[in-house]
Amino acid sequence: ECIRYCVDRVNKRVPVIAGTGSNDTKYAVDLSVEAEKLGADALLVVTPYYNKTSQRGLIAHFTAIADSVNIPIILYNVPSRTGVNIALDTYDALANHKNICAVKEASGNISAIAKIIEKCGGRLDVYSGKGVISVLSNVCPKETHEIAQLCLDNNVAAAAEMQIKYLELINYLFMDVNPIPVKEAMNLMGFSAGECRLPLLRMEQSKIGVLAASMKKVGVIK
């Protein structure tokens, strides 16, 4: 229902990338097929979490999903959340699949990212930080776009200036477990985002006040 609503609301004005990852390959395949039917332009597929898997298992998992659809897939590597990391040779193997076109690389390992680009460049685009798949963009979509565009235009000084302006807010959006703070921010902006489901709880009122002050400082709310 969420994917259908988003696709209909966007109405082809921008591409819709649907998150269809799971630690259950069959469920991930089913969800990916359904997302394609609903009109998603691409898929974001996270590595299996909790039960995890081997590197051979990762190749089998992602290949099964990629074989089931005809739209581009962005792999999502976030070992701090899932407990599994995509190895360089695994990226190399997966980059040969016609539907696997990119990775959201959230390992925080700059050296590893450079090696991925060196080995898989031309076959696999790497999105990391200013890629941009962003938490801040939920609160400041226009500003996040501008920072990314300035980087693409090689105007690093102006991009850095904007980054510094919003740095405090960026940090406060991670003052509790993501996505709790961004939910609170959306509520403060007047959207009925509600609360996260358990086991995620609302932030303490004192933290909400700190977040609100930071948002006021950059003009997100009055």
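Which residue of β5 is the bridge partner of Ala102?

1. Basis of the model. The structure is a predicted model, in which local features need pLDDT of at least 70, side-chain atom pairs count only at pLDDT 80 or more, and totals for chains, interfaces and linings use all residues. Residues are numbered from 1 along each chain as its sequence is written, and side-chain values use heavy atoms, with hydrogens and water left out.

2. The sheet. Five strands form an open sheet in the order β1-β2-β3-β4-β5, with parallel pairing. Strands (E, at least two residues) and helices (H or I, at least four) are DSSP runs numbered from the N terminus, and two strands pair if DSSP finds at least two bridges between them. The edges are held by β1 (17-19) and β5, each with a single partner strand, so one side of each lacks a neighbour in the sheet. On average, neighbouring strands are turned by 25° against each other, direction ignored; the axes are lines fitted to C-alpha atoms, and angles run from 0 to 180 degrees between N-to-C directions.

3. Strand β4 and its partners. Strand β3 (residues 73-77) is joined to β4 by five bridges, and the two run parallel. Ile74 has Ala102 as its bridge partner in β4, while Leu75 stands opposite Val103. Three bridges link β4 to strand β5 (residues 125-127), again in parallel. The partner of Ala102 in β5 is Asp125. From β4 the chain crosses through helix α6 (residues 110-120) to β5 in a right-handed β-α-β crossover; right-handed means that, with the strands pointing away from the viewer, the path from the first strand over the helix to the second runs clockwise.

4. Burial of β4. Five of the six residues of β4 (residues 100-105) are buried, so the strand is largely enclosed by the rest of the structure. Buried denotes under 20% relative accessible area, exposed over 50%, and partly exposed in between (1.4 Å probe, protein chains only).

5. Nonpolar cores. A nonpolar core is a set of buried Ala, Val, Leu, Ile, Met, Phe, Trp, Tyr and Cys residues joined through side-chain atoms within 4.5 Å. The largest has 29 residues, of which Leu43, Phe62, Ile73, Leu75, Tyr91, Ile100 and Leu124 touch the most other members. Helix α3 gives the most to this core, with four residues. Not counting residues up to four places away in sequence, Ile100 is in contact (heavy atoms within 4.5 Å) with residues including Phe62, Ile73, Leu75 and Leu124. A second, separate core of 23 residues includes Cys140, Leu150, Met162 and Ile170.

6. Salt bridges. Seven are found in the whole structure, a salt bridge being a side-chain nitrogen of Lys or Arg within 4 Å of a carboxyl oxygen of Asp or Glu. Asp89 pairs with Lys119, the closest N and O atoms being 3.0 Å apart. Asp89 lies in helix α5 (residues 88-94) and Lys119 in helix α6, so the pair ties together parts that are 30 residues apart in sequence. Asp89 is exposed at 55% relative accessibility, whereas Lys119 is partly exposed at 33%.

7. A further helix-to-helix pair. Lys217 and Glu168 form a salt bridge (3.2 Å, N to O). Lys217 belongs to helix α10 (residues 205-217) and Glu168 to helix α8 (residues 156-172), so parts that are 49 residues apart in sequence are tied together. Lys217 is exposed, at 60% relative accessible area; Glu168 is partly exposed, at 30%.
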